[in-house]
Each structure stands twice: as C-alpha cells, then as structure tokens.
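Subject: Structure handover

Hello,

Here is the structure we talked about. Please open it and keep it in view while you read my notes below.

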Amino acid sequence: GDLGSLSDDAWDDHDDQGVEEVDDTEARLGDALDALTNKSAKSREAALAGLLKLLSNNVVIDFVAGRKDTFSCYLERCIKKGAAGEQIAAIQVLRVLLCQLGFGDDALSIIGQLSPLLTTMMQDSTKSPLVRAKCAEVISLGSFIMHELTDRIHVMNSLERLLGWSDRVHSAASVCEPLTSEVMTCWGLLATLLPASHMLAKSTRLLTQLHAYLSSDALTVRMAAGDLIALVYEQVRTVEETFNAGDDDDLCASLRQLATDCNKHRSKRDRKVQRSTFRDVLHAIEDGDVPTETINLSCGRDALCLNSFARIRQYASFKDILGSGVKAHLEGNEFLRDVFELGAVLLEPDPSAQVSRHDKHYHNAATSKVRTQARSRQRDKRVFLV
C-alpha cells in the first residue's frame with residue numbers, strides 16, 4: 001500500500017517496513033512512468049492516474065528530482081499529442097511534480113521547458129475550457145514557485161487578458177465555465193504574494209470588475225469573485241487601514257443579498273454554500289473579521305493555522321492540487337512547509353521513547369480506579385448529608 005495508508009502501529013511493529021514501503025512506492029512510480037511511452041492512449045491515461053495518486057500521497061522528492069528530465073519529456077509528449085482527457089491528466093501530474101520539487105533549479109528547468117507550450121494552449125480559444133483552465137493553473141503555480149515579482153505581474157496580466165478584464169466593466173454574461181472561475185482562483189493565488197502597494201494601485205478597477213461577477217448565473221464564478229473581493233480588501237488594508245472602495249455601499253448590498261439568498265431556482269446546497277461564503281466576505285469588509293481554521297498535523301505535534309484570506313486561498317489551491325495527500329505534504333514536503341511557514345520537517349518520534357501499550361493500559365486502569373473510588377466517596381457524602 002501507499003506510505004500514507006500505514007497505521008501508527010505498523011510503524012512500531014515493523015522497523016523495516018517503512019523502507020520496504022518507500023521501495024515499493026518508488027517501484028510503482030517507475031513502472032507508471034515507463035508506461036507513459038505506451039502506444040495505447042488508454043494505457044497512458046491509466047499510468048497518469050497512477051502517477052497522480054502516488055505523487056499526491058507520498059513525498060518522494062529525491063526520486064522525482066533524479067528523473068525530472070524523463071518526467072518532463074514524457075509529460076510534454078502527452079500534453080502535445082494526447083486528446084483532451086490525456087492532456088488534463090498530464091497537466092495534473094505536472095502540478096504535483098512541481099509541488100514535489102518546490103523552490104529550486106529542478107522545478108525552474110521544467111517550468112522553463114513547458115511554459116511556452118502551456119501558455120499557447122491557455123490562449124487558444126479552440127481548446128476545451130477545462131484544458132485551458134488546467135494550463136492556467138500550472139502557469140500560475142510555476143510563477144508562484146519562481147517567486148519573482150516581474151514574472152508574477154506578467155502572468156497575472158495574462159490571466160486578466162484571458163478573463164477580458166479592462167478599464168470597462170466586464171459583462172457577467174460572457175462567463176465561460178470552468179475557465180472563468182479557475183483563472184480567477186489562479187489570479188488569487190498569485191495575488192497572495194503581490195505587494196500591497198501594487199494591489200492598492202489597481203484596487204478600484206479590480207473591485208468594479210469583481211462586483212460585476214456577483215450577478216453571474218454560475219455559483220463557482222460568484223464564489224471566486226467573493227473570495228477575491230475579500231482578498232483585495234485584506235491586502236490593501238495592510239497599507240491603508242481605513243480603505244473603502246468608491247461603491248462600497250453598492251458592493252456590500254450585493255454581498256448582503258448573496259449572503260441571505262433564498263432564490264428557489266438555486267439548489268438548496270448551492271444556497272447554503274453561497275450564504276456561508278458571502279457572510280464571511282461581508283464580515284471581512286464591514287468588520288475586518290476573518291474565518292479561522294486550524295489543521296492538526298503530525299499526530300497533533302504540529303498545526304497549520306489558516307487565519308487570513310491569503311492563507312485560505314493558498315491552502316485551497318494546494319489542496320486542489322494534492323487532494324487528500326495535502327496533509328502528508330504539509331508534514332513532509334519542505335516546499336509546502338516553507339510556503340506556510342511551518343519550519344523544518346519534524347522527525348518521527350522515537351518508538352523506544354514511547355510508552356508501551358501495556359504500560360499505557362496499566363496507567364489508565366489505575367487512574368480510572370482512583371477516580372471511581374473518589375466518586376464513590378463523594379456519593380457517600382451526599383447520601384450522608386441527605
């Protein structure tokens with residue numbers, strides 16, 4: 001099984017099993033990588049699905065770094081020559097690959113090799129909206145990893161052009177899903193690293209654009225716009241504490257309407273999700289409140305605190321890339337720990353320093369006995385008092 005499927009007891013009971021699991025995972029990764037050269041498109045898609053699962057659930061940075069050129073070459077071939085399904089699968093693997101490699105020359109070389117192809121595909125209106133959205137995700141992730149302001153602004157401008165943003169108000173009717181909402185979240189990920197002064201300079205135009213999206217028929221677009229509105233306010237208020245946009249009253253009225261929406265033509269689930277999202281956005285603008293969440297890691301020895309809209313956006317983006325494997329990467333992937341300022345990877349606790357199961361049971365039993373005796377005495381006192 002995968003590394004992530006081992007129970008805590010399995011680590012304690014089998015000293016060598018961890019090494020065996022790593023070897024098994026790497027062997028399966030090698031087989032799946034080799035299968036990307038198969039002539040059968042169905043076989044290649046199955047291999048890509050296998051790679052995605054293994055790379056998402058396991059931190060295997062050394063394995064990936066040692067084969068980065070092979071990965072890059074094979075994935076490029078799938079993206080260039082495959083049908084839409086294979087292209088999307090290859091791009092999803094590429095995203096996880098970049099998360100494994102993180103900051104450093106290995107990731108930068110892959111970004112440099114594949115960016116021109118992905119940019120061309122992203123801008124090609126004949127491609128499916130989902131393929132174009134996935135290209136935008138990899139390009140924005142690559143820019144996030146490069147951590148270079150000039151490149152980030154260039155990519156954000158490309159995303160804005162893709163959305164049709166300009167000085168005029170964008171029409172919500174011209175939305176193309178899933179491209180619009182995905183590109184907006186990509187823009188939001190890069191915006192989390194944008195200096196607040198840059199955000200302030202374009203805030204009025206941005207908020208006017210985003211306000212227009214709140215009337216979209218697509219829930220995903222309305223929610224993406226709401227998240228970005230909260231992010232813009234949060235960033236700008238770090239340099240201008242009392243910032244308010246020109247149409248604050250109109251904007252808040254729109255947000256309030258979405259936060260209390262009872263439209264019967266929307267599904268009950270959609271209404272619930274929308275109301276929750278826009279209540280948070282409205283509270284953020286009016287009161288400066290931020291929804292907070294703590295994610296426990298490493299069996300409670302570590303934790304990630306999501307206490308800003310920027311952090312929430314970053315976490316949502318990486319969770320979208322890594323799925324259920326995000327926790328394993330937050331615990332063992334130096335790149336993600338660096339992004340979320342979690343510090344160095346924590347070492348596994350020494351099994352020899354842990355209390356044995358027998359000793360723990362004996363201690364619990366003794367504690368329980370003392371507690372029972374104490375309660376009995378209290379009951380006796382109450383009976384006596386009566």
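Start with Cys 176, which is partly exposed, at 31% relative accessibility. Keep in mind that this is a predicted model. Cys 305 is partly exposed too, because its relative accessible area of 36% lies between 20% and 50%.

How many disulfides are there? The count comes to 0. For background, a disulfide is a covalent bond between the sulfur atoms of two cysteines.

Next, the helix pairs. Two packed helices are described by the angle between their axes and the distance between the axes.

Take helix α8 (residues 129-146) and helix α10 (residues 179-191). Their axes come within 9 Å and cross at roughly 5°. An angle under 35 degrees counts as roughly parallel, so α8 is roughly parallel to α10. Which residues meet here? From α8 come Pro 129, Arg 132, Ala 133, Ala 136, Glu 137, Ser 140, Ser 143 and Phe 144. From α10 come Leu 179, Glu 182, Val 183, Cys 186, Leu 189 and Leu 190. This contact of α8 with α10 has 9 nonpolar, 2 polar and 3 charged residues.

Now look at helix α12 (residues 219-236) and helix α14 (residues 268-287). They pack at an angle of about 15°, and their axes are 9 Å apart. That angle is under 35 degrees, so α12 is roughly parallel to α14. The crossing of α12 and α14 is left-handed. On the α12 side, the contact includes Leu 219, Arg 222, Met 223 and Tyr 233. On the α14 side, it includes Asp 270, Val 273, Phe 278 and Ile 285. The residues of this contact of α12 with α14 split into 9 nonpolar, 3 polar and 3 charged.

Two single residues are worth a look.

Gln 87 sits in helix α6 (residues 84-101). Is Gln 87 buried or exposed? Gln 87 is buried, because its relative accessible area of 5% is under 20%. Beyond its neighbours within four places in sequence, Gln 87 is in contact with Cys 78, Ile 79, Gly 82, Met 121, Lys 127 and Val 131.

Leu 297 belongs to strand β1 (residues 293-297). Leu 297 is buried, with a relative accessible area of 0%. Setting aside neighbours within four places in sequence, its contacts include Asp 302, Leu 304, Lys 327, Glu 331 and Leu 342. Glu 331 is 34 residues from Leu 297 along the chain, yet their C-alpha atoms are separated by 6.4 Å.

Best wishes

Methods
Residues are numbered from 1 along each chain as its sequence is written. This is a predicted model: local features need pLDDT of at least 70, side-chain atom pairs count only at pLDDT 80 or more; totals for chains, interfaces and linings use all residues. Side-chain values use heavy atoms; hydrogens and water are left out. A disulfide is a pair of cysteine sulfur atoms within 2.5 Å. Buried means under 20% relative accessible area, exposed over 50%, partly exposed in between (1.4 Å probe, protein chains only). Axes are lines fitted to C-alpha atoms, for helices over the stretch in contact, and angles run from 0 to 180 degrees between N-to-C directions. Helices (H or I, at least four residues) and strands (E, at least two) are DSSP runs, numbered from the N terminus. Angles under 35 degrees count as roughly parallel, over 145 as roughly antiparallel, 65 to 115 as roughly perpendicular and the rest as oblique. A crossing is left-handed if the near helix is turned anticlockwise from the far one by less than a right angle, and right-handed if clockwise. Contact means heavy atoms within 4.5 Å. Ala, Val, Leu, Ile, Met, Phe, Trp, Tyr, Cys and Pro count as nonpolar, Asp, Glu, Lys and Arg as charged, and the others, Gly among them, as polar.
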